[in-house]
Amino acid sequence: AGLKSALFGTIWVMGLVALFTVPIGVGAAIYLEEYAPKNWVTNVIEVNISNLAGVPSIVYGLLGLAVFVQWMAIGRSVLAGSLTLTLLVLPIIILAAREAIRAVPSEHRQAGYALGADQWQVVRRIVLPSAFPGILTGTILALSRAIGEAAPVIAISALVYLTFIPTDPLDRFTVLPIQIFNWISRPQDEFRGLAAAGILILLIILLSMNAIAVYLRDKHQQRSQE
């Protein structure tokens with residue numbers, strides 16, 4: 001009834017999810033807001049991103065099972081679970097990053113162009129630093145949803161109890177929501193206490209992530225004010 005394998009599995013999965021979602025999500029938001037032409041193609045992309053943000057999580061689990069586990073033959077591995085959760089939270093990060101970038105006043109961009117900067121320099125030195133707090137907030141909200149999801153991960157990893165710690169992205173894995181669900185479904189009374197302890201550990205990890213994000217956001221705001 002140990003929690004160690006699920007705890008390390010959660011750390012593995014969330015680390016890979018953050019590695020995949022942040023560059024892709026922020027890059028997509030920058031392209032859609034700063035570079036993409038305003039035509040029907042971008043309108044279709046924007047509508048689809050908004051729709052994908054509201055799709056039930058189990059649909060992403062079945063998609064990951066079909067694409068990553070079976071078609072790409074990655075297997076029921078940490079990588080397959082991370083890619084599935086990446087698809088789940090990527091629309092949320094894109095929407096949050098776009099809102100943060102859109103909130104940067106256009107006067108700041110015009111001032112950068114007036115000083116001789118090109119578009120990429122304006123985006124990198126003016127837009128992104130100003131939008132960083134909003135992007136970070138959206139990222140933490142998206143990762144907070146991913147860390148608590150059980151349905152898509154059950155579809156990928158199956159409801160199993162593992163006694164080993166993943167050491168490779170292609171290893172089998174389990175995460176805290178699956179472990180908690182496994183304990184709750186058992187008839188013995190002792191597992192209820194274990195499930196409650198697992199929920200507390202999950203909350204501690206989630207609050208720690210939020211605390212780090214708040215610290216980084218406040219530190220960045222203080223630096224920008226100086």
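A73 is exposed, with a relative accessibility of 61% (exposed means over 50% relative accessible area, buried under 20%, and partly exposed in between, with a 1.4 Å probe and protein chains only). A73 sits in the loop between α3 and α4; helices (H or I, at least four residues) and strands (E, at least two) are DSSP runs numbered from the N terminus. The phi angle of A73 is near 55°, a positive value in a residue other than glycine. The model is predicted, so local features need pLDDT of at least 70 and side-chain atom pairs count only at pLDDT 80 or more, while totals for chains, interfaces and linings use all residues. Residues are numbered from 1 along each chain as its sequence is written, and side-chain values use heavy atoms, with hydrogens and water left out.

The largest nonpolar core holds 34 residues; such a core is a set of buried Ala, Val, Leu, Ile, Met, Phe, Trp, Tyr and Cys residues joined through side-chain atoms within 4.5 Å. Within this core, V13 and F173 touch the most other members. Two or more residues each come from α1, α3 (57–71), α4 (78–102), α6, α7 (151–157), α8 and α9 (190–225). The most, seven residues, are given by α4. Helix α8 spans residues 176–184 and is mostly covered, with seven of its nine residues buried. The buried residues of α8 are L176, P177, I178, Q179, I180, N182 and W183.

One cavity of 30 Å³ or more was counted. A cavity is a set of points on a 1 Å grid over the protein atoms alone where a 1.4 Å probe fits but cannot get out, and lining residues have an atom within 4 Å of a point. The largest cavity has a volume of about 50 Å³, where grid points are joined across faces, edges and corners and the volume is the space filled by probe spheres set on the points. Its lining consists of T10, V13, M14, L85, A146, I147, E149, V153, V175 and P177. Two or more of these residues come from each of α1 (4–35) and α6 (119–147), and α1 has the largest share, with three. By class, the lining has eight nonpolar, one polar and one charged residues (Ala, Val, Leu, Ile, Met, Phe, Trp, Tyr, Cys and Pro count as nonpolar, Asp, Glu, Lys and Arg as charged, and the others, Gly among them, as polar).

R186 lies over the face of F191, at 5.2 Å from the ring centre; the criterion is NZ of Lys or CZ of Arg within 6 Å of the ring centre and within 35 degrees of the ring normal.

Methods: 1 Å grid on protein atoms, 1.4 Å probe; cavity = no way out; pocket = protein on both sides within 12 Å on 5 of 7 lines; lining within 4 Å.
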